[in-house]
Structure formats: structure tokens, C-alpha cells
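Subject: Handover of a structure and the findings on it

Dear colleague,

Please find the structure below, together with its sequence.

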Amino acid sequence: MKPLLFKSPAKLNLFLRVINKRPDGYHNLQTLFERINLFDDLYFSTVKSGDITISCDHPHVPCGPGNLIYKIADYIKSTYGLKYGVHVKLNKRIPVAAGLAGGSSNAATTLIALNKLWKLGLKKARLIEIGNMFGSDIAFFLHDCSWALGEGRGEIISPLDIKSKIDHILVVPKKKMSTPKVYQALNLKLTNKKDNVNILIHSLKEKDIVKSSQFLFNDLEHSILTIDPKLDVVKKRLKSLENKGVSFSGSGPSLFGLTKSNQEAKDLCDALKKRYEQVYVVRTC
Ligand code: C5P
């Protein structure tokens with residue numbers, strides 16, 4: 001049978017406020033997620049032997065039990081007592097360890113795909129329950145929405161009624177960021193106590209790009225820059241060209257800005273490509 005193709009999107013965090021540290025070591029957040037049209041392609045085929053195998057065109061992606069795709073497939077197979085396995089061919093386009101949640105998105109895509117491929121009939125709530133066992137960002141991708149507020153450790157999702165599709169310039173410096181290290185470097189005394197996410201949501205609904213840009217916010221920025229101060233140079237360069245407001249996504253190092261049009265994003269992309277390898281024009285999807 002022909003492999004089933006599922007597209008796995010990336011996300012941006014337009015707002016990320018850290019509220020406090022929890023007894024379980026995670027942090028309570030308030031974050032604004034946006035799904036963007038930068039995709040990995042995942043091809044799924046059932047394997048009669050029962051093996052779970054992954055092939056990937058990216059040298060830094062583990063193809064064994066370290067991959068969230070493997071972990072999810074293995075969990076489903078053992079929990080539901082299935083005899084068959086799966087081969088997943090992963091075409092990686094979302095930069096790895098970049099704050100774009102590529103791995104979490106692949107995990108969510110695997111849950112959706114195996115539910116279909118193996119005719120499990122699992123409800124969305126059960127898929128979310130399984131996803132939450134493997135990561136905080138997975139639940140967002142299991143909700144069929146472009147925009148959502150994430151609370152708790154990021155896994156409590158409230159889809160938002162924002163109709164706007166927004167163009168962005170996205171620069172991914174060639175530095176891998178470890179999310180646990182960024183959270184470890186966080187000084188909670190420096191985090192923001194103001195709740196401006198509602199102003200941002202309102203501005204996005206109005207598609208007011210200038211105002212929305214002013215309210216982009218990420219409490220992890222200080223930790224990201226403590227770990228790699230050179231990223232501030234990239235941020236300043238992007239800001240000088242983009243001039244409305246730029247922010248890191250998640251635990252970085254991805255940096256993005258909002259643009260008024262696709263053409264504006266393309267022009268910025270052309271200018272930035274002279275200096276950076278990984279520059280993208282992306283849009284809400
Ligand atoms: O949930 P996920 O596996 O994506 O989280 C990776 C790491 O990031 C966690 O082990 C934790 O150190 C940190 N984290 C956190 N608070 C969150 C999300 C992640 O401290 N809300």
C-alpha cells in the first residue's frame with residue numbers, strides 16, 4: 001500500500017509569560033501559539049513484522065527510541081496490544097531544537113496518523129491525554145486551530161477566534177537551544193508580571209500589525225541571551241530592518257517579526273539571506 005502522507009506544521013509563540021515554577025519542576029505559563037506553514041512531511045506505512053522504524057533526511061534527528069515519533073508509536077502499540085509496526089519516513093524542514101516545536105508537532109502528527117492508519121477510533125481527548133505524557137507543546141497541534149492560548153505547562157489549550165492570517169519573517173540562527181537549559185537559566189525575579197496577552201489578541205483580531213508587534217513578548221529571552229549573548233546581535237539586526245518589533249519563539253533561538261504583507265517578508269528575507277542560512281517567509285495556517 002502507498003504510504004500515507006501527513007503534514008506536520010511548526011508553531012511560533014507570540015507571547016510567553018512564565019508565571020511560576022511548579023513542584024514537578026515545570027513552569028506555569030501563559031502563551032499565545034500560532035500555527036505556521038513551515039512543515040515536515042511524514043509518510044506512514046504499516047509494517048507486518050511489528051518493528052517501528054524511522055528514516056530521516058536530516059543528520060541530527062535520532063531515528064531510534066530517542067525520537068518522539070518512535071516513543072508515541074511504541075506506546076500505542078504496547079497499550080493497545082497491536083502486532084504490527086510502522087515505518088515512518090520523515091522529511092525534515094522545521095529546524096531542530098529551534099523553539100518551533102518540530103519534534104512535538106511530529107509527535108502529534110504520529111498520534112493522528114496512527115489513529116487513522118490502525119483504525120483505533122481514539123477520541124481527541126484521549127489523543128491529547130497521550131500527547132501530554134510526552135511533551136508540553138503536543139496538545140496545541142492536536143487541536144485543529146491556527147491560534148490558541150496555552151496555559152498550565154503549555155498543554156491546557158483554548159483555541160482563539162482570530163481569523164487573521166499573518167505574514168512573518170523568521171530567522172533561525174544555527175545554534176541549538178536546549179529547552180531545559182533555558183528554563184534552568186531563568187531568573188523568576190526578572191519575569192514580567194503584566195498581563196498584556198489580551199491586548200495582543202485584540203490587535204491580532206484587528207490585524208493591526210504595528211500594535212501587535214509592540215506586544216510580542218517572551219519571558220525566556222533573558223535566559224536565551226544569557227546562554228548565547230551573540231543572539232542579541234541577530235535580534236538587533238532583524239529589528240533594525242523590520243523596525244516594528246521582533247521576538248524569540250519558545251526557548252529560541254528562532255527570531256521572528258510580523259510583516260504587513262508577504263512582499264515585505266520576502267524583501268526582508270532577500271536582505272537577510274546574504275548573512276544567514278536559515279531565513280523563511282512564513283504565514284499563519
Ligand atoms: O514538555 P517538554 O518535554 O517540551 O519540556 C522540555 C523541558 O522544558 C522540561 O523538561 C522542562 O525542563 C522545561 N519546561 C518547563 N516548563 C514548561 C515547559 C517545559 O520547565 N512549561
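Which residues lie nearest the centre of the second largest pocket? They are H58, V96, K174, K176 and Q278, out of 16 residues that line this pocket.

Two remarks on the source come before the details. The model is predicted, so local features need pLDDT of at least 70 and side-chain atom pairs count only at pLDDT 80 or more, while totals for chains, interfaces and linings use all residues. Residues are numbered from 1 along each chain as its sequence is written, and side-chain values use heavy atoms, with hydrogens and water left out.

Pockets

A pocket is found on a 1 Å grid over the protein atoms alone: it is an open set of points where a 1.4 Å probe fits, with protein on both sides within 12 Å along at least five of seven lines, and its lining residues have an atom within 4 Å of a point. The volume is the space filled by probe spheres set on the points, which are joined across faces, edges and corners. For the second largest pocket this is about 250 Å³. Its lining divides into nine nonpolar, three polar and four charged residues. In this count Ala, Val, Leu, Ile, Met, Phe, Trp, Tyr, Cys and Pro are nonpolar, Asp, Glu, Lys and Arg are charged, and the others, Gly among them, are polar.

The largest pocket has a volume of about 1200 Å³. Of the 47 residues that line it, S104, D137, T179, P180 and S251 lie nearest its centre. The lining holds 22 nonpolar, 19 polar and six charged residues. At least two of its residues come from each of β1 (4–21), β2, α1, α2 and α5 (179–184). These elements are DSSP runs numbered from the N terminus: helices (H or I) have at least four residues and strands (E) at least two.

Nonpolar cores

A nonpolar core is a set of buried Ala, Val, Leu, Ile, Met, Phe, Trp, Tyr and Cys residues joined through side-chain atoms within 4.5 Å. Buried means under 20% relative accessible area, exposed over 50%, and partly exposed in between (1.4 Å probe, protein chains only). The largest core has 37 residues, and F44, V86, L111, L114, W118, F140 and L142 have the most contacts inside it. Apart from it lies another core of 27 residues, including L38, L170, V172 and V197. Leaving aside residues up to four places away in sequence, W118 touches T46, A73, I76, K77, L82, Y84, G85 and V86; a contact means heavy atoms within 4.5 Å.

Aromatic pairs

Six aromatic pairs are found in the whole structure. Rings of Phe, Tyr and Trp (its six-membered ring) pair if their centres lie within 6.5 Å; planes under 30 degrees apart count as stacked, over 60 as edge-to-face and the rest as tilted. F15 and F217 form a tilted pair, 5.5 Å centre to centre with 45° between the planes. Because F15 lies in strand β1 and F217 in strand β8 (residues 217–218), the pair ties together parts that are 202 residues apart in sequence. F15 is buried, at 1% relative accessible area, whereas F217 is partly exposed at 22%.

Backbone

A cis peptide bond joins G252 and P253, with omega about 5°.

Yours sincerely
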